[in-house]
Each structure stands twice: as structure tokens, then as C-alpha cells.
Amino acid sequence: MTTIPAERTPAGALRTIPAVIGIGYALSWAIALSIPVPNPGFDESGSSLVAKISGHVAAMDLNYLFSEGVPALGLVIVPLWLARAAGWSRAGRITAIAGAVAAAISLVQFVVGVALAGATSPDTARLLFESLNRLDGAKMFVLAVMGVAGVMAGALPRWLRFTGIAMAVAIAGSGIGYLLLISGMATLAYVSLPLLIVFVTGSGIILGRSAE
């Protein structure tokens, strides 16, 4: 006897949104990290920056699209769903607000990054490069707040709560590095970024499954 699959309702499709967005967040970062682009140091001069980014405009545009533009969607939707799952508690609302602020900063970074990719003036390149990194630092502090509030909202399983706390600690440290342009502290991003991707993607998948 052939089993006829249940028809997916609009409400059912809606529930899959956080899972799809969460997976898309990880895929977007995977694409961004696979694109080879110049990686200047914080103390790079303007003329050195122009020399390094010259000829890499298309690659840098794509990199900023998939590391700052597209991921902004995940930073809005997943925290919003987490707040909804937490019954719009205070911690849930803080999670949603922090996610939205981080997404807004990320979109500004996308615009600044594209402008940097096309910069030909050393002074302009230096200003845009420094702004981009300091914006990253500010965003990291907001993401740390999002992580802590997301954990306190009480809608995530234990392993994601541990991930959220670890992410918040690591990303606050790397945020100091990027905001104050301290290279040593900024290397914490090698730890905080994977934890952020796991936290956002994992939360999206869990929230999508729990809503079924």
C-alpha cells in the first residue's frame, strides 16, 4: 500500500525557515572562506593596501558579499526565532535586538568592504580598512551579547548553551583586538568564528526541528 505523504502546509513551511537560514549562514561563510583575498595587517600603510588589493576587486566583492552581506540574514532571523521560542522573554528580546544590530553593522561592513576593494587612493584605502576592522570589533561585542542572551533565553539544548558561552568569551576577546587594532587579540577570531557559525547554524536547525 502506497503511503501518501502529508501535504506541507504554509505554517509547516514557515517552521523550516530558521533551519534553512541557519544552514545558509554556514554555507555562506564556507563560500567566503574559500575565496582567496589579500589579508593585510592592521598596521599596513595606505599605499601598501592599494598595492595589495589591486587586481582583486571581484574576489574581494564576492568575499564581502558572502562574509558580511548574506550572513546578515542569519543574524536577524535565527535570533528572532530564538526570541519567539523563548516566549519573547527579556533575554529573548535582547537576543533578537542584538542579532538585528549585528546584522545592520554587517551590512555596513559589506558596503565599506566593497568601497575598499575599489579604492585607489592610499588615504581612502587606509580610512576604509581601519573603519572596517573597528566595525568588526563593535559587531563582535554585540554578538557576544547575543550569545549570552541566547543562552539565558532557555530555548536551546545544553550543548548549544555551552557553545554560546564559549563563543561569547572568545568573540569578546577578538572584538577587543579588532576594535583597538591589536593583532594578538584579533587572532582569537580563529576560535570565535567557528563557534559563531556553529551557534547560529545549530540554533537555526534546533529551532526549526522543535517547531515541527
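The legends below describe close-up views of a predicted model.

**View 1. Helix 5 and the glycine that follows.**
Helix 5 covers residues 71-85, which is 15 residues. From its first C-alpha to its last, helix 5 reaches 21 Å, close to the 21 Å expected at 1.5 Å a residue. The buried residues in helix 5 are Pro71, Ala72, Gly74, Leu75, Ile77, Val78, Pro79, Trp81, Leu82 and Ala83. Just after helix 5 comes glycine 87, with a positive phi of about 70°.

**View 2. Helix 10 from end to end.**
Helix 10 runs over residues 189-210 and has 22 residues. The span from its first C-alpha to its last is 30 Å, close to the 32 Å expected at 1.5 Å a residue. Buried residues of helix 10 include Ala189, Ser192, Leu196 and Ile197. Further along helix 10, Phe199, Val200, Thr201, Gly202, Ser203, Gly204, Leu207 and Gly208 are also buried.

**View 3. The largest cavity and its lining.**
The structure holds 1 cavity of 30 Å³ or more. The space in the largest cavity is about 50 Å³. Which residues line the largest cavity? They are Val78, Pro79, Leu82, Thr95, Met146, Phe199, Val200 and Ser203. Helix 5 and helix 10 each supply at least two residues of this lining. Val78, Pro79 and Leu82 are among the buried residues of helix 5, and Phe199, Val200 and Ser203 are among those of helix 10.

**View 4. The largest pocket.**
About 1,200 Å³ of space lies in the largest pocket. The lining of the pocket is made of 42 residues. Asn39, Asn133, Asp136, Tyr178 and Ala189 are the lining residues nearest the centre of the pocket. By class, 29 of the lining residues are nonpolar, 10 are polar and 3 are charged.

**View 5. The aromatic pair of phenylalanine 42 and tyrosine 178.**
The structure holds 1 aromatic pair. Phenylalanine 42 and tyrosine 178 form this pair, with 5.4 Å from centre to centre and 80° between the planes. The arrangement is edge-to-face. Where in the chain do phenylalanine 42 and tyrosine 178 lie? Phenylalanine 42 is in the loop between helix 2 (17-34) and helix 3 (46-53), while tyrosine 178 is in helix 8 (residues 158-180). The two residues are 136 residues apart, and the pair links distant parts of the chain. Phenylalanine 42 has a relative accessible area of 11%, so it counts as buried, the cut-off being under 20%. Tyrosine 178 also counts as buried, because its relative accessibility is 17% and the limit is under 20%.

Glutamate 44 lies in the loop between helix 2 and helix 3. Is glutamate 44 buried or exposed? Glutamate 44 is buried, with a relative accessible area of 15%. The side chain of glutamate 44 reaches the backbone nitrogen of glycine 41 at 3.0 Å. The glutamate 44 side chain also makes a polar contact with the side chain of lysine 52, at 3.2 Å.

**View 6. Serine 67 in helix 4.**
Serine 67 is found in helix 4. With a relative accessible area of 6%, serine 67 is buried. A polar atom of the serine 67 side chain lies 2.7 Å from the backbone oxygen of asparagine 63.

Valine 151 is part of helix 7. Valine 151 counts as buried, at 14% relative accessibility. From C-alpha to C-alpha, valine 151 and glycine 164 are 6.2 Å apart in space, and they are 13 residues apart in sequence. Alanine 166 has its place in helix 8. Alanine 166 is partly exposed, with a relative accessible area of 34%. Alanine 166 and leucine 196 are 30 residues apart in sequence, and their C-alpha atoms are 9.3 Å apart in space. Leucine 196 is one of the buried residues of helix 10.

Methods:
Residues numbered from 1 in each chain as written. Heavy atoms only, no water. Helix = DSSP H or I, 4+ residues; strand = E, 2+ residues; numbered from the N terminus. Expected span 1.5 Å × (residues − 1). Buried < 20%, exposed > 50% of the residue type's maximum accessible area, 1.4 Å probe, protein only. Phe/Tyr/Trp six-rings, centres within 6.5 Å; stacked < 30°, edge-to-face > 60°. 1 Å grid on protein atoms, 1.4 Å probe; cavity = no way out; pocket = protein on both sides within 12 Å on 5 of 7 lines; lining within 4 Å. Points joined across faces, edges and corners; volume = space filled by probe spheres on them. Polar contact = N/O pair within 3.5 Å; in protein donor to acceptor, adjacent residues only side chain to side chain. Nonpolar A, V, L, I, M, F, W, Y, C, P; charged D, E, K, R; others polar.
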